[in-house]
Protein chains: 2
Amino acid sequence: MTPVAKAGRSGRRSGESGTSDAILEAARAQFATRGYQGATIRAIAADAGVDPALVHHFYGTKDALFAAAMRMPVVPSEAIAAALASAPQASLGTHLVKSALTLWESAGVREAFLGLLRSAVASEEAMALLREFVADSILPTIARAPGLAEFSRAEADYRVSLVASQILGLALTRLVIGLPAIAGASVDELAATVGPTVDRYLTGDAAVPGD
Amino acid sequence: MTPVAKAGRSGRRSGESGTSDAILEAARAQFATRGYQGATIRAIAADAGVDPALVHHFYGTKDALFAAAMRMPVVPSEAIAAALASAPQASLGTHLVKSALTLWESAGVREAFLGLLRSAVASEEAMALLREFVADSILPTIARAPGLAEFSRAEADYRVSLVASQILGLALTRLVIGLPAIAGASVDELAATVGPTVDRYLTGDAAVPGD
């Protein structure tokens, strides 16, 4: 998993740090005005007055640049791809939930979630940006899970969106609100309880639109 | 279900309207400073300069007063109790999800959700208030569902908290963020998909702490 937002940290020359800050500022402005899909690394580079190659050098993909601009401590799509790559054959859902819960124990994750929510509830534009990021970066990554390819695109989309609803609900109750029974449960307990839900949504017998 | 916040509406004498507004303001201040559990109708009445009986007359229970103060279009615990009372024997989960989704189609619900989130992410005190309200008003109401009484209090609490995680995740993705596959699905489709999850969390074979 690529650590994000490292480029602007101390220990670098201030010229590099100033450049990466300018890129992040340009990225925030582009994402806010053009949305996740509309923003391009080329336009962000132009706004920051640097070569697009430098943006790629500092931040890699648009996913990773978005994560850095939003001060996320990890790149969600990379974390999900890593979890999928390391999944055992049995209960992919349990493994995915466990990976998410383990990641949430990292420093800065609650603050990042709160920051995202704060930004999203402040304006409909920011909410649309969050919607696009989930729909265009997170959901397609979950859709690469084994077994999803056999479904129609609409059905796969419905299934991974339901997975997102349960995982986001867990993030909301465990990390953000801190509901005692959820916040106090162990990673293994919650993964064992919620994993089968995710398995069913992904590939199980779930009523889907059009069935 | 008791409609809330009616007392301050037009068509009443301005004296009554002024009194109910004063009660709501005192309630907001009490809930914010003392939390959901700490706030009392007696103290709110004293702050508003009215008799506690008048607060009960206007708003009924503390639950209903909280809902009115937070500008919720319905009282969540009353809506859940009504859904439980009208539930068929088979798939209580499907019925509960359907009731929630149907309620969310009402005017003002999205704005109420957004308002709650906005308030909660603005300060840790407001987040604690939301946590107490969910833990002390919503969860105990869900725990009255048939079959829950046979579990220990800790297990029942874990089970209903998981139900809350899925329902809140659905609210977040359907109402607040508006993820296309979830926002575009029908009430019946989502109830058929998510209902079995709720059934399993409530009374099914779910790994619970201490097992």
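This note goes through a predicted model, from the whole chain down to single residues.

1. Overall make-up. Chain A holds 11 helices and 0 strands. Read from one end of the sequence to the other, the pattern of chain A is α-α-α-α-α-α-α-α-α-α-α.

2. Size. The C-alpha atoms of chain A occupy a box of roughly 55 × 40 × 35 Å along the principal axes.

3. Packing. In chain A, 51% of the 211 residues count as buried. Taking the contacts in chain A with a separation of 6 or more, 67% join residues 24 or more positions apart.

4. Surface and charge. Chain A carries 18 positive and 21 negative side chains. The centres of these two sets of charges are 6 Å apart.

5. Relation of the chains. Chain A is superposed on chain B by a rotation of 180° with 0.0 Å of shift along the axis, at an RMSD of 0.1 Å. This is the relation of a two-fold axis. Within chain A, Gly169(A) has the C-alpha nearest the axis, at 1.8 Å from it.

6. Interface. Of the interface residues of chain A, 100% are also interface residues in chain B, which means that the copies meet through the same surface.

7. A residue with neighbours in both chains. Ala185(B) sits in the loop between α10 (180-183) and α11 (187-203) of chain B. Is Ala185(B) buried or exposed? Its relative accessible area is 5%, so Ala185(B) is buried, the cut-off being under 20%. Leaving aside residues up to four places away in sequence, Ala185(B) touches Tyr158(A), Arg174(B) and Leu190(B). One of these, Arg174(B), is 11 residues from Ala185(B) in sequence, and the C-alpha atoms of the pair are 9.0 Å apart.

8. Helix α2 of chain A. This helix covers residues 41-48, and its buried residues include Ile41(A), Ala43(A), Ile44(A), Ala45(A) and Ala48(A). Gly49(A) follows α2(A) and has a positive phi, near 70°.

9. Glu25(B) belongs to helix α1 of chain B, residues 14-38. The relative accessibility of Glu25(B) is 57%; this residue counts as exposed because the cut-off is over 50%. Glu25(B) and Ala154(B) are 129 residues apart along the chain, and 36 Å separates their C-alpha atoms.

10. Arg71 in chain A. Most residues other than glycine have a negative phi. Arg71(A) is not a glycine, yet its phi is positive, near 60°. Arg71(A) is located in the loop between α4 (62-69) and α5 (76-85) of chain A. With a relative accessible area of 60%, Arg71(A) is exposed.

11. Arg71 in chain B. Where is Arg71(B) found? Its place is the loop between α4 (62-69) and α5 (76-85) of chain B. Arg71(B) has a positive phi of about 60° and is not a glycine. The relative accessible area of Arg71(B) is 59%, and this residue is exposed.

Conventions:
Residues are numbered from 1 along each chain as its sequence is written. Chains are lettered from A and ligands numbered from 1 in the order in which they are written. This is a predicted model: local features need pLDDT of at least 70, side-chain atom pairs count only at pLDDT 80 or more; totals for chains, interfaces and linings use all residues. Side-chain values use heavy atoms; hydrogens and water are left out. Helices (H or I, at least four residues) and strands (E, at least two) are DSSP runs, numbered from the N terminus. Buried means under 20% relative accessible area, exposed over 50%, partly exposed in between (1.4 Å probe, protein chains only). Contact means heavy atoms within 4.5 Å. Lys and Arg count as positive and Asp and Glu as negative; His and the chain ends are not counted. The place of a charge is taken as NZ of Lys, CZ of Arg, CG of Asp or CD of Glu. Copies are superposed by least squares on the C-alpha atoms of residues with pLDDT of at least 70 in both.
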